[in-house]
Amino acid sequence: MYILFEGIDGAGKSTQIARLAAAYTQAIVTKEPGGTKLGENLREILLKENDLDKRAEILLFLADRAEHFGKIIKPNLDKMILSDRGFVSGMAYALAGGNFSFEELLNLNKFALQGNFPQKIVFFKADESTLRSRLGLRAQMDGIEARGFEYLLRVQDAMEEILQKLGVCYVTIGAAWDEEKITNLIKEFIND
């Protein structure tokens, strides 16, 4: 089962993936960008502060997504896959940062994913105070986080809209909820 964990920076995805990986020891844990050799190289480019053209930035994320799907996801669809980020983030960041349509972004992502979407999506939703608190603790923000809190909250709103339009099975998790409660809710969602 391919399970995607989505949410803006600081929402708690990585923490919960680590907790779930300990519970589901056979699960494959991966991330976008960066789950492959190409992804690691692209991650370094994409997460720096840069002045890439927005279309070039989208295409680099899509190249990572296609490589990630082909090398990590597709060969392991018979196993549990826990992926930190994916196409929902890609679409949401593009919608929040540029003049792109939902349909064109969806078609590009369908191409990169060979028409395969995850079976389940866990969406972490953070309020502004949680976001400020968590990102304020980081020693250094990456180039995307440095775009600011308002931008990140626009991205989050776009994620929610995308999930509502897609018709993919998803659950919304409050980022400020108790960690143990979140883990248990996600396990119920996975096992349902």
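User: Two strands pair if DSSP finds at least two bridges between them. In β5, what is the bridge partner of Lys125?

Analyst: The bridge partner of Lys125 in β5 is Gly174, and β4 and β5 pair in the parallel sense over six bridges. This is a predicted model, in which local features need pLDDT of at least 70 and side-chain atom pairs count only at pLDDT 80 or more, while totals for chains, interfaces and linings use all residues. Residues are numbered from 1 along each chain as its sequence is written, and side-chain values use heavy atoms, with hydrogens and water left out. Helices (H or I, at least four residues) and strands (E, at least two) are DSSP runs, numbered from the N terminus.

User: OK, in what order do the five strands of the sheet come?

Analyst: The five strands form an open sheet with parallel pairing, in the order β2-β3-β1-β4-β5. Because β2 and β5 (169-174) each have a single partner strand, they stand at the edges, and one side of each is left without a neighbour in the sheet. From one strand to the next, the twist averages 20°, where angles run from 0 to 180 degrees between N-to-C directions and axes are lines fitted to C-alpha atoms, for helices over the stretch in contact.

User: How many bridges join β1 to β4?

Analyst: β1 and β4 run parallel and are joined by five bridges, with Phe5 standing opposite Val122 in β4. Strand β1 (residues 2-7) also pairs with β3 in the parallel sense, over four bridges, and there Leu4 stands opposite Ser83.

User: How many of the six residues of β4 are buried?

Analyst: Five of the six are buried, so β4 is largely enclosed by the rest of the structure. Buried means under 20% relative accessible area, exposed means over 50%, and partly exposed is in between (1.4 Å probe, protein chains only).

User: And Leu4, is that one buried or exposed?

Analyst: Leu4, which has its place in strand β1, is buried, with a relative accessible area of 0%. Leaving aside neighbours within four places in sequence, the contacts of Leu4 (heavy atoms within 4.5 Å) include Ser83, Arg85, Phe87, Pro118 and Ile121. Leu4 and Leu82 are 78 residues apart along the chain, and their C-alpha atoms are separated by 6.2 Å.

User: Switching to helices: at what angle do α4 and α7 pack?

Analyst: Helix α4 (residues 87-97) and helix α7 (residues 149-166) pack at about 125°, with their axes 8 Å apart. The two are therefore oblique to each other, given that angles under 35 degrees count as roughly parallel, over 145 as roughly antiparallel, 65 to 115 as roughly perpendicular and the rest as oblique. Among the residues making the contact are Phe87, Met91 and Leu95 of α4, together with Leu152, Arg154, Val155 and Ile162 of α7. The residues of that contact divide into 15 nonpolar, two polar and one charged, where Ala, Val, Leu, Ile, Met, Phe, Trp, Tyr, Cys and Pro count as nonpolar, Asp, Glu, Lys and Arg as charged, and the others, Gly among them, as polar.

User: What about the axes of α2 and α3, how do they cross?

Analyst: Their axes come within 9 Å and cross at roughly 160°, which makes α2 roughly antiparallel to α3. On the α2 side the meeting residues are Leu38, Gly39, Leu42, Ile45 and Leu46, and on the α3 side they are Glu57, Leu60, Phe61, Ala63, Asp64 and Glu67. This contact divides into seven nonpolar, one polar and three charged residues.

User: Which strands does α3 lie across?

Analyst: Helix α3 (residues 54-73) lies across β1, β2 and β3, and runs at about 170° to β2.

User: Now the backbone. Which residues does a cis peptide bond join?

Analyst: Glu32 and Pro33 are joined by a cis peptide bond, with omega at about -15°, and Pro33 lies in the loop between β2 (28-31) and α2 (37-46). Most residues other than glycine have a negative phi, and most peptide bonds are trans.

User: What is the phi of Arg85, then?

Analyst: Arg85 is not a glycine, yet has a positive phi of about 85°. Arg85 sits in the loop between β3 (81-84) and α4 and is buried, with a relative accessible area of 13%.

User: And where is Gln114 found?

Analyst: Gln114 is found in the loop between α5 (102-112) and β4 (120-125). Gln114 also has a positive phi, of about 50°, although it is not a glycine, and with a relative accessible area of 42% Gln114 is partly exposed.
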